[in-house]
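Please keep the sequence and the three-dimensional view at hand while reading.

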Amino acid sequence: MKYEFNAERQYDIIAVGRACIDLNATEYNRPMEETMTFTKYVGGSPANIVIGSSKLGLKAGLICKISDDQHGRFIEQYMKGAGIDTSNMVVDQEGHKTGLAFTEIKSPEECSILMYRQDVADLYLNPSEVNEDYIKQSKILLVSGTALSKSPSREAVLKAVSLAKRNDVKVVFELDYRPYSWNSLEETAVYCSLVAEQADVVIGTRYEYDVMESKQGGKNEDTIRFLFSHSPELVVIKHGVDGSYAYTKSGETFKGQAYRTKVLKTFGAGDSYASAFLYALISGKDIKTALKYGSSSASIVVSKHSSSEAMPTVEEIEQLIAERPQQEAVEVGGSN
């Protein structure tokens, strides 16, 4: 099965949400207290996804607010260099700063992120700074869950979703749950559910769906039964090393296997998965193939030091898939 998009659009994907700075530990296998050097990259889920999309050959743009300082200028220059349209990246004029993420790489299984997200510029994106003429030029509007965690960014995202639906732009909701961004689990569930119900495609981990549904150990069947009673047409639920499932409103179920790789760090996998999965769908590939692209891309990024810089090319993804033909994405079910 293939997923259809409006072909008569200037942009393949426009994301709305945060762009920040990742400072990844250069010294591995030690706690952050003993880490002395870090390498700077652009980070933030929406930024990473459009960087990955652009590297795969899609025309991408980003709606966000950046700080009026050296970090903000670094982000803007990097995005331009990556081929991303920055015309709707707004420079903050109220002194808010760029979010910083320090990463700790103790071992492939034990990684953590220390976030500095107090009063950050990206959460001050105002609804008046969201442009309908820009959004309606895209096939996809990608929304990140973290952008819903505070006002006025929350209202800006809700406006962007409304404008996308008004203009036949597919809304893709990447749950992107970051607990340090929210005031409570109840607040997270309310706003993530609100957007998920309006989205055309929802992507997240099983844990992120559990947070949205205010439950533990939730079942995929319950998730899709609820979401398919609303707008979503395609729901992707990731189960880490156990692979991922894609469910369609018309009743198909597909499973994609994870690819084995030498893991350096655990972060960045979700962003690379989303960019490659959406690239495959936009390129006219079927859902089974899209699952393979997503899993392949994720396995490449977790084996490298950065998230944004490590985003793979189409050739790298297809080479990995070709080398491991036993990792087929398979159709596993009939009607839901």
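**Contacts, confidence and cores**

Beyond its neighbours within four places in sequence, F277 is in contact with I203, L234, V236, I287, A290, L291 and G294. The structure is a predicted model, with a mean pLDDT of 92 for the protein.

**Nonpolar cores**

- The largest nonpolar core has 57 residues, and L62, M79 and F277 touch the most other members of it.
- Helix α8, which spans residues 269–282, gives the most to this core, contributing nine residues.
- Another core lies apart from it and has 39 residues, including L125, A147, V169 and A199.

**Helix α7**

- In helix α7 (residues 220–227), the buried residues are N220, T223, I224 and L227.
- These buried residues fall within an arc of 90° when α7 is seen down its axis, so they line one face of the helix.
- As a general rule, an α-helix has 3.6 residues a turn, so residues three or four places apart point the same way.
- The elements that cover the buried residues of α7 include the helices α5 (185–198) and α6 (206–213).
- Among the elements in this cover are also the strands β10 (201–205), β11 (234–238) and β12 (244–248).

**The β6–β7 hairpin**

- Strand β6 (residues 100–107) and strand β7 (residues 110–116) run antiparallel and are joined by seven bridges.
- The two strands form a hairpin, with two residues between β6 and β7.
- Within this pairing, F102 stands opposite L114 in β7.

**Cysteines**

- How many disulfides does the structure hold? The number is zero.
- C20 is buried, with a relative accessible area of 2%.
- For C192, the closest cysteine sulfur is in C20, and the distance of 17 Å between the sulfurs is too far for a bond.
- C192 also counts as buried, at 5% relative accessibility.

**Confidence of the prediction**

- Of the residues of the protein, 96% reach a pLDDT of 70 or more.
- Over residues 326–336, by contrast, the pLDDT is below 50.

Terms used
Residues numbered from 1 in each chain as written. Predicted model: local features only at pLDDT ≥ 70, side-chain atom pairs only at ≥ 80, totals over all residues. Heavy atoms only, no water. Core = buried A, V, L, I, M, F, W, Y, C linked by side-chain atoms within 4.5 Å. Buried < 20%, exposed > 50% of the residue type's maximum accessible area, 1.4 Å probe, protein only. Helix = DSSP H or I, 4+ residues; strand = E, 2+ residues; numbered from the N terminus. Contact = heavy atoms within 4.5 Å. Pairing = 2+ DSSP bridges. Arc of directions from axis to C-beta. pLDDT = per-residue confidence, 0-100. Disulfide = S-S within 2.5 Å.
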